[in-house]
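Please read this note with the sequence and the structure side by side.

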Amino acid sequence: MKASIAVALLAMSALAGPAIAQPSTSPNAPPPATPRASSAKPAPAAADMQAVLDAHAALGPKPIETLTPVKARIQPSAADAAIAVKRQKGMSTAPDPAVTTKDLPYGADPMQYARIYRPASAPSDAILPVIVYYHGGGWVIADVNTYDATPRSLSRQLNALVVSVEYRHAPEAKFPAQHDDAAAAYAWVLKSAVGWGGDATRVALAGESAGGNLAIATAIQARDRGLTKPVHILSVYPIANSATNLPSRMDSATAKPLNTAMLKWFGHYYARTPADLQDPRINLVTADLKGLPPVTIVNAQIDPLRSDGETLAAALRSAGVPVEQRTFEGMTHEFFGMAAVVRGAFDAQAWAVSRLQPALAK
Amino acid sequence: MKLVHALIPILMLGATPAAAQVMAPTEYVKTAGASDLYERQSSELVMQSSQDPKVRAFAQMMVAHHTKSTADVKTAAARSKVAVPPPALTPLQTELIAQLRSESGPARDARYIAQQKAAHGQALAVQQAYATEGTAPPLKAAAAAIVPVVQHHIQELMKM
């Protein structure tokens, strides 16, 4: 009898679970319970996009939402798959030698460094405009190496320095560490760009996914701290809306390489408490957006974050900010850097470049 | 009743963070072994063709250090009574080696350096995670000893 009470109590304690647990900063912390499987079928991908998704599947990635952070960090990425497609097509997989790189620290933590991309053809005494770029990965996975394609391409196409910012990752450093690092890197660029051939009066912000969020959030911080205003913001499929019932969260619930369960997984590791998800730095659609520079938003049709970009564009418009947003049909999350093998990515980059070019001109 | 009292500390455990899901010793050994194998194969490939003394010196150091870490993990695994199967590349590592084979000259060097930067970030994540919470003490100690070696490689790569 007593034993059965004990069993019942134990079962209750198991059900109560870690409700009042302190959030763990361990890269071995277990993932959240996986949400019920969605029956939604994502829209079909364009043939060249599908070829990358197939190459990704061939590399055997495990579902991120079922893994610990350390195991998630060693999975093959969509960018790895795009490079594999290049090899299959007989193209070079080497980074474009028309752009050189140099790594410089902007803070004391080993993760606080930036990779500066510079066109190899630029004269050594040239003063070039600057794009500060933030990579994606939900603030938990991926790094400047994973996101090499976009900054390299922007540097070449815009004859600009692109500063790709590494930052501390969650769960080791939780929100707002990434936002703090992004803002610190922007201030560092304004202060030190002249030392490495950058024009601190012509600085744009850019980013993909979690980095697309950082680009907007950093512009807000710059405004509030009275720093030099960026001349333009390129925000590619940003995290920008914490509502759980957005259309894209449903219709792209099982999309690849990003699904809705992964968004919950990222939040589980980067947020200190559920309240962080409502912070205007993450839930950008509720932020004070007034006075921001012109914004370009790129979205993919087959992406649970599509509605974030669309609703952010509406919020920016309401705040009087000049904004253009485009959703690229048949494209998925992470497509933007794949211009060498995916036509939609080529078109999206060309559009983004055409928006950035006049803003960065003297 | 006594039993219920005895359970109170257990119930309170429900308020602590959920237990870490650190890699099992066999998974750590397999992951570290694959990473070392990729390092050796890619570095040997680049040494066959590279004319760049900096790349050659780095590749030579990679072969030496990753041969040593494989041996150290093997010794620690034996002490932990963990079987060490022959290391095998993951599908991604197999693809990375194929990319190096398909390049030549400075393009191979450049692809090698780019791969090394990505692979060392991942290797550091694996070693740090096991060094912090690994369950087999000899392997945990081996991981802790490998961490500064990987950090040194990352510092060298930042100059390239």
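The points below take up the sheet and helices of chain A and then the helices of chain B.

1. This is a predicted model, in which local features need pLDDT of at least 70, side-chain atom pairs count only at pLDDT 80 or more, and totals for chains, interfaces and linings use all residues. Residues are numbered from 1 along each chain as its sequence is written, while chains are lettered from A and ligands numbered from 1 in the order in which they are written.

2. In chain A, eight strands build an open sheet of mixed pairing, in the order β1-β2-β4-β3-β5-β6-β7-β8. Helices (H or I, at least four residues) and strands (E, at least two) are DSSP runs, numbered from the N terminus, and two strands pair if DSSP finds at least two bridges between them. Strands β1 (99-105) and β8 (323-332) of chain A are at the edges with a single partner strand each, so one side of each lacks a neighbour in the sheet. On average, and with direction ignored, neighbouring strands of this sheet are turned by 20° against each other.

3. What surrounds β5 of chain A in the sheet? Six bridges join β3(A) to β5(A), and these two strands run parallel; A:Val132 has A:Leu205 in β5(A) as its bridge partner. Strand β5 (residues 198-208) also pairs with β6 (residues 233-236) of chain A in the parallel sense, over four bridges, and A:Glu208 has A:Val236 in β6(A) as its bridge partner. Of the eleven residues of β5(A), eight are buried. A residue is buried if 20 or more other C-beta atoms, placed from the backbone, lie within 10 Å of its own, exposed if 12 or fewer, and partly exposed in between.

4. Axes are lines fitted to C-alpha atoms, for helices over the stretch in contact, and angles run from 0 to 180 degrees between N-to-C directions.

5. Helices α6 (residues 177-192) and α7 (residues 210-225) of chain A also pack on each other, at an angle of about 65° and with axes 9 Å apart. Among the residues that meet are A:Ala182 and A:Tyr186 in α6(A), and A:Leu214 and A:Gln221 in α7(A). Contact means that C-beta atoms, placed from the backbone, lie within 7 Å. The residues of this contact divide into six nonpolar, four polar and no charged (Ala, Val, Leu, Ile, Met, Phe, Trp, Tyr, Cys and Pro count as nonpolar, Asp, Glu, Lys and Arg as charged, and the others, Gly among them, as polar).

6. Chain B has six helices and zero strands. Buried residues make up 40% of its 160 residues. Of the contacts in chain B between residues at least 6 apart in sequence, 73% join residues at least 24 apart.

7. In helix α6(B), the buried residues include B:Leu139, B:Ile146 and B:Val150. Their cover includes α2 (25-49), α3 (53-79) and α5 (105-133) of chain B.

8. Beyond its neighbours within four places in sequence, B:Thr70 is in contact with B:Gly33 and B:Asp36.

How values were computed:
Contact = placed C-beta atoms within 7 Å.
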